[in-house]
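I am opening a notebook on a structure that is new to me. Below I keep a record of what I looked up, entry by entry.

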Amino acid sequence: MGGSGVQVNKAHKARVSSKSSRNIHKTSLQDKGRISKPEGNHVKGAKAARLQRAKMVREQKRAAVLKEKRESGGLSSAPRVIVLFPLSASVDLNSLGEDVLKLLSTDGDVTSSSTVASSEYKLRATVLKAPHGDLLTCMEMAKVADLIAFVASANEDISSLIDSFGSQCLSVLRSIGLPSTAVLIRDLPSELKKKNKLKKMCASRLASEFPKDCNFDPADTRDELHQFMGLLKAQRLSIPHWRKQRPYVVAQKVGMLVDDTTPGKCTLLLSGYLRARKLSVNQLVHVTGVGDFQLSKVEVLKDPFPLLNERRKQTSMELDDSHDEEVLRSLVPDPMKQEPLVTENTPDPLEGEQTWPTEAEMAEADSNQKQGKPKKRSLPLGTSEYQAAWIIDEIDEEDSDNGDSDDDRMVLDRGEDQYSNQDQDFEDDKETLYVQDMDNETHNDSEMMDDENLTREQYEDQIKKIKEAHAEDEEFPDEVETPIDQPARKRFAKYRGLKSFRTSPWDPNESLPQDYARIFAFDNVARTQKLVLKQALKMEEEEEESRDDCVPTGSYVRLHIKEVPLVAASKLSSIVSTKPIIAFGLLQHESKMSVLRFSLKKYDGYEDPIKTKEELMFHVGFRQFVARPVFSTDNISLDKQVMERFLHPGRFSLASVYGPISFPSLPLVVLKISDADAPAFAAFGSLKSIEPSKIVLKKIILTGYPQRVSKMKASVRYMFHQPEDVRWFKPVEVWTKCGRRGRVKEPLGTHGAMKCIFNGVVQQHDVVCMNLYKRAYPKWPERMYPQLL
């Protein structure tokens with residue numbers, strides 16, 4: 001081309017020229033490249049930061065996956081727990097368990113131990129067989145399982161692959177949280193075509209009961225089990241999140257050291273692999289079904305099942321010999337750092353004692369007395385000081401008619417005298433109830449009732465007939481009858497009225513029971529939980545050299561748990577071969593008692609009623625304890641909940657119990673315990689919060705029936721039986737089932753009848769109701785842990 005020898009291409013024709021191309025003619029040819037192609041990192045801006053951040057996130061995820069894979073399948077990891085679970089009673093687990101142990105053992109022989117190390121698969125596994133019909137044992141095995149292999153028998157009818165107990169256990173396991181699952185189908189025909197067809201039919205029948213990623217594999221021959229073990233080795237196991245937050249040990253051996261200095265107590269020895277997280281010797285531990293304890297020593301032992309390429313043959317006698325257990329490391333707690341074992345608070349009986357006021361308090365009281373002059377109050381005749389406190393002092397008449405009341409008491413009698421000399425319009429709105437006095441009508445309000453001269457038997461019979469007549473139309477389960485032989489003001493002395501259940505305040509620290517002095521409460525539960533979990537995560541991430549009180553995950557340890565009841569330790573020693581014994585480390589504050597709130601739902605297969613304050617067994621994560629809950633409605637928009645006398649099916653309710661603190665979220669399984677029968681699965685749910693200040697109110701409805709009606713005024717009887725009771729509950733609002741609202745004006749006669757005024761015309765067949773509330777509390781259980789029975 002030109003004499004310069006430099007190739008010049010045709011410029012790209014852009015619809016809109018860039019700023020640099022428009023200014024390129026102003027520069028020389030030497031500076032053209034620098035302007036058109038700017039250099040430097042400043043032009044990348046936020047895009048480079050986003051790319052760098054995405055790269056860091058990918059690397060962190062990759063490192064987390066590699067760490068999890070090494071911990072679950074590495075040489076230093078604990079053996080995987082495989083639970084064989086029968087779906088029906090006809091499944092033979094003994095033969096399947098022997099086949100699996102033969103496959104994994106080095107020499108092909110069945111050992112007496114349930115834990116084996118396979119150099120062929122480079123896998124260590126503990127094989128547990130869940131007994132059919134024992135719900136508690138199945139639950140404990142599922143809590144520690146890394147893989148649950150559900151076993152079905154193809155000999156049965158396709159529609160009966162899962163029996164009633166298997167279906168119940170599946171519901172329980174879903175509530176706890178399923179780990180990795182697989183389905184093994186046994187007893188398939190040997191012919192290939194029939195075998196594949198029957199396998200597909202079984203898989204199609206069982207697919208709806210298990211997760212989507214669940215595998216359905218035949219398990220009759222050694223080759224089929226070999227293929228299953230290969231999939232198990234390559235599979236990334238999924239474990240419920242609540243198991244990853246606390247260290248735990250599944251005991252393979254249980255022993256006792258009796259000390260004569262503490263009668264009835266002993267030191268419990270639990271040997272097993274440490275899982276999930278590091279364990280500090282200064283931590284508290286909980287033994288499932290027994291309670292919370294301190295550690296006196298932790299010994300790191302030589303691994304009895306090492307995974308080596310050239311593993312020497314060892315007999316089961318050598319493995320079980322305690323003299324061959326070599327102690328590699330021994331940890332002793334530091335008295336200054338060890339967490340104290342505090343379960344209940346010790347109340348001070350003199351803490352609420354009244355003291356003599358200070359001079360500043362007396363001067364403040366004198367100034368308040370001088371500023372406010374006593375005001376005369378117009379009260380009904382015979383009103384006591386306690387009743388007078390329920391009646392609001394009258395203020396300016398216009399403010400009383402047009403303003404809203406912020407009082408927390410349900411007082412509807414707003415100045416009886418101001419309505420006695422004038423007529424006012426009756427308006428019904430959401431906040432204020434205005435009533436109209438009807439004294440100008442030609443009706444005698446003090447007229448005696450028709451049943452004034454009835455005998456006691458006739459009076460009771462008449463009440464019974466009316467109650468039976470309205471029993472078919474009863475819509476409110478909280479209705480109660482006022483006793484005849486006891487004054488209502490004494491029978492319902494602890495109850496009070498509320499103007500609005502949603503907005504009326506209720507002091508959470510008022511008239512607390514004595515059991516509330518034994519529990520602990522947090523100022524901010526969410527902040528405390530965040531700090532505790534952060535502290536536990538920090539201990540997990542610290543290097544082993546920097547902490548001399550921690551045992552790394554995967555180590556074979558022996559826990560020395562001190563001051564365990566001798567009866568419970570003897571029972572644990574007898575059931576260690578048939579039921580898993582679990583000891584897990586507690587987080588900070590998790591040994592203290594408080595009020596726990598659970599969201600739970602009744603199991604559809606359980607038909608018996610579950611009553612409030614009935615003794616139930618709560619399984620919360622690894623923990624199990626006995627509680628007597630109070631059920632209430634689960635409404636997050638209200639600060640008060642209504643108590644339910646029974647746990648109703650088909651919806652979630654709130655259960656409040658006294659129990660040891662556990663930080664949410666944790667799964668919940670509720671069992672109904674009985675002395676004659678085995679525990680039955682009754683309800684399921686999760687831990688919601690730790691709130692001792694949450695208010696649960698027991699609601700009752702007193703009912704009366706209009707005897708004489710005159711437009712908006714009615715004479716009501718059978719709600720009370722004494723005129724003193726009418727005056728006592730006079731400030732409380734009344735309402736009818738047809739939607740009218742009103743107030744009590746005055747008693748009539750001597751049998752508890754009363755005159756009521758409503759905001760509309762009252763029907764003769766209507767029912768007059770009065771709502772009363774009192775705070776309900778859970779009951780402290782007589783026994784806390786089932787193993788201590």
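Which residues does Leu 87 touch, not counting residues up to four places away in sequence? I looked this up and found Phe 150, Val 151, Ala 152, Leu 161, Ile 162, Asp 163, Gly 166, Leu 170, Leu 206 and Phe 210, where contact means heavy atoms within 4.5 Å.

**Ground rules**

I note that this is a predicted model, in which local features need pLDDT of at least 70 and side-chain atom pairs count only at pLDDT 80 or more, while totals for chains, interfaces and linings use all residues. Residues are numbered from 1 along each chain as its sequence is written, and side-chain values use heavy atoms, with hydrogens and water left out.

**Confidence**

I checked pLDDT, the predictor's confidence in each residue from 0 to 100, and the protein averages 81, with 77% of the residues scoring at least 70. Over residues 39-43 the pLDDT is below 50, and this stretch has zero contacts in the model beyond near neighbours in sequence. Residues 310-323 also stay under 50, yet for them the model has 15 contacts beyond four places in sequence.

**Overall make-up**

I counted 17 helices and 31 strands in the protein; these are DSSP runs numbered from the N terminus, helices being H or I with at least four residues and strands being E with at least two. Of the 789 residues, 46% count as buried, a word that stands for under 20% relative accessible area, with exposed over 50% and partly exposed in between (1.4 Å probe, protein chains only). Of the contacts with a separation of 6 or more, 78% are accounted for by residues 24 or more positions apart.

**Cores**

I then looked for nonpolar cores, each a set of buried Ala, Val, Leu, Ile, Met, Phe, Trp, Tyr and Cys residues joined through side-chain atoms within 4.5 Å. The largest has 87 residues, and those with the most contacts inside it are Phe 85, Leu 87, Phe 150, Leu 206, Phe 210, Phe 598 and Phe 618. Helix H5 (residues 135-144) gives the most to this core, with seven residues. Another core lies apart from it and has 28 residues, among them Ala 251, Leu 295, Ala 568 and Ala 569.

**Aromatic rings**

A search of the whole structure gave me 18 aromatic pairs; rings of Phe, Tyr and Trp (its six-membered ring) pair if their centres lie within 6.5 Å, and planes under 30 degrees apart count as stacked, over 60 as edge-to-face and the rest as tilted. Why is the pair of Phe 150 and Phe 210 tilted? The ring centres of Phe 150 and Phe 210 are 4.9 Å apart and their planes stand at 50°, so the pair is tilted. Phe 150 belongs to strand S4 (residues 147-153) and Phe 210 to the loop between helix H7 (192-206) and strand S6 (215-218), 60 residues apart. Both Phe 150 and Phe 210 are buried, and together with Phe 85 and Phe 216 they form one aromatic cluster.

I also looked at Phe 598 and Phe 618, whose ring centres are 5.4 Å apart with planes at 55°, so this pair is tilted. Phe 598 lies in strand S18 (residues 593-602) and Phe 618 in strand S19 (residues 616-620), so the pair ties together parts that are 20 residues apart in sequence. Phe 598 and Phe 618 are buried.

**Strand S3**

I found that six of the seven residues of strand S3 (residues 123-129) are buried, so S3 is largely enclosed by the rest of the structure. Strands pair if DSSP finds at least two bridges between them. Five bridges join strand S1 (residues 80-86) to S3, running parallel, and Ile 82 stands opposite Val 127 in S3. Strand S2 (residues 115-118) is joined to S3 by four bridges and runs antiparallel, with Ser 118 having Leu 123 as its bridge partner.

**Backbone**

My last entry concerns a cis peptide bond that joins Pro 664 and Ser 665, with omega at about 5°. Ser 665 has its place in the loop between strand S23 (652-660) and strand S24 (667-672).
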